[in-house]
Amino acid sequence: MSESDVIDYEIENNEAKMGIISTKNLSKIYNPDTIPVHALRNVNLDFEVGEFTTVKGPSGSGKTTLLNMIGGLDKPTEGSVEIDGIQITGMKESKLIDFRLQNIGFVFQSYNLIPVFTAYENVSFIMLLQKRPKKEMEMRAKELLEAVGLKDKYHSRPKELSGGEQQRVAVARALASQPKFILADEPTANLDTKSAMNLLDMMEKMNREENVTFIFSSHDQRVIDRAKRVITMVDGAIESDETR
Amino acid sequence: MYLKLAWRNIWRNKRRTLITVSSIMFAVVCALFIESLERGGHNQMINNMTNFHTGHIQIQDERYEEEPSLDNSIEYDSSFSERILEIDDRIYNVVPRIESFMLAAGEEQSRPAMVLGIDPEAENRLNELKNRIVAGRFFEPGDGSVVMGEGLASRLNVAVGDSLVLLGQGRFGMTASGIYEISGLFRHPLREFNNQIVYLSIPDAQWLFSMEGMITNILITPDQLKYNDPIAENLERALSDENLNILTWNEMIPELIDAIEFDRMSTRVFMGILYVVIGFGIFGTILMMTLERLREFGILLSVGMYRWKLAVIVFIETFFISILGIISGFALGLVVLSYFYFNPIQLTGDMLEMLEEMGFEPTLPMAIAPDIFMWQGSVIFVMSIIICLYPTVKIATMDILEASRS
């Protein structure tokens, strides 16, 4: 092995190990001047491509706050978040919106689909915001809806879909922008067991077959059981970080 | 897709949208009705004054405005009318008149009267006087008879066929007196005209006032009102060497203009209050719409929508609602206004008495003009757009996270 080959190998190896998301000394204090609430305390975490990770913990442990920080929806009191080497903490809002649109997919607890749009339009809409060509939008929206098992529900509006189906559309929407990772905040909280299992099967399959990175916040055991990595938070701090 | 989103959003809550559209529609109809009624009333006042009193443009001796006396008359024959018609082809009618005040007497009573020497054909083209005859007939030029207001006849206790004595002062202090047969009575809706006017032909008036070949003024009617001032300017230029004064109706009756202005001001105040009430109605709906959708706005911003794009969508929604309200308001307004235009409201009872006392016609005519629609539509539209600033500011300043949790 020549010297240059060794250097190449080291770079590749480092890249492979480098997290796409990195939090450094992340802290968040709400109401610092009145009754301070420490939502996050010095959180240092790295997430890599292809992870299927759950952040668990009791209510108020800081799971959602952590996801909000990673998604750039909230600003830390101290510390920073880096995504793909770009520090998003302190980024101007317009740039951050653009960054989120191009890099992060969101799945929310209560689906949050646009009620007046069909499943197909909800998925396409994100790509419209990205200014993708119309044909590509149409093709990808159909592919995604097919992938989440909603081929026959293209033209159904959210109110015509079950909770599980709506959450599948939300996942398809999150995937539509081809993000680097998907943040899913309590995605199964409002679903019955069957719907929750179907949704998890689908996300697990996407993670396995397409290497889509998922980061969940959840205290749902069904989600925790499926995760390859489980981060436990208590009172805003990392209590354990276990890779299975 | 943004348009589609905005259009569908407004139909998310059909009942609320229909209530908002209806409130805008009724606001537009109300505003149109008030404006049309005001304009119609003013037009009627102006028409009465111009058609029966001043004309749209008047040619007088240059001293007549200061001293409206028969002494300040102008020379006139039919060739002068032809000459005026040649000055501007937008002139529709030339109406010569002799105007003076006299004492009119029947067998038992006497009353002051406004005596007008007229050319029946020209006068009829101006104000359709012949159609207002309610008893007898209109006189023929020089036949020695007069037509008088029904109200004056009643006060003098005279009727068609009776004699009327006119007594007063002629030109240069000459005594003016004559006895005339009453050939007809006319009825004018304005009590002022009804109770004091006596018409006779110009030759008879010239004889009565000792002013052969003279008249006091010439009334000019334009083809269209918008030509009024240009015609006046042309006449001014063409007749500049003849010691004549050219006046437009608004110069002759400034008190009417002031009254109209005052009336407009009070209507504006009323309309302002109406707009505020309507504005709060629309604002209430927009406020509800905004607060109800804060979470949705937060989510859209979270997933990567720019604030300004979201504001544009909400703006388009308000635009759609406003336009729907305004167009339906125009449609309903046109029907309502047309009905009352062809069937003016006739006042009765105390209102009738009061208006007649004040010298107004007891009818409420409507005016239909495109600018009424444009103006009222624009005001309501601008108001809706101003109201739309609320959601726009809310979107611009909202905390994404708080909104997403709301």
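Which residues of chain B make a nonpolar surface patch of about 340 Å²? The patch is made by Leu103(B), Val165(B), Leu167(B) and Ile179(B); patches take residues with over 30% relative accessible area and no salt bridge, and nonpolar side chains (Val, Leu, Ile, Met, Phe, Trp, Tyr) are joined within 5 Å. A salt bridge here is a side-chain nitrogen of Lys or Arg within 4 Å of a carboxyl oxygen of Asp or Glu. Areas come from the Shrake-Rupley method with a 1.4 Å probe. Ile179(B) belongs to strand E8 (residues 175-186), strands being DSSP runs of at least two residues and helices (H or I) of at least four. Ile179(B) is exposed at 60% relative accessible area, where exposed means over 50%, buried under 20% and partly exposed in between.

The model is predicted: local features need pLDDT of at least 70, and side-chain atom pairs count only at 80 or more. Residues are numbered from 1 along each chain, chains are lettered from A, and side-chain values use heavy atoms. The mean pLDDT of chain B is 88, pLDDT being the predictor's confidence in each residue, from 0 to 100.

Aromatic rings pair if their centres lie within 6.5 Å, with planes under 30 degrees apart stacked, over 60 edge-to-face and the rest tilted. The count over all chains is 18 pairs. Trp7(B) and Trp11(B) are edge-to-face, because their centres are 5.7 Å apart and their planes at 70°. Phe52(B) and Phe193(B) form a tilted pair, at 5.6 Å and 40°. This pair joins helix H2 (residues 14-54) to helix H6 (residues 191-194), 141 residues apart. Phe52(B) is buried at 4%, as is Phe193(B) at 5%.

Key. Patch = residues over 30% accessible without salt bridge, like charges linked within 9 Å, V, L, I, M, F, W, Y side chains within 5 Å. Buried < 20%, exposed > 50% of the residue type's maximum accessible area, 1.4 Å probe, protein only. Phe/Tyr/Trp six-rings, centres within 6.5 Å; stacked < 30°, edge-to-face > 60°.
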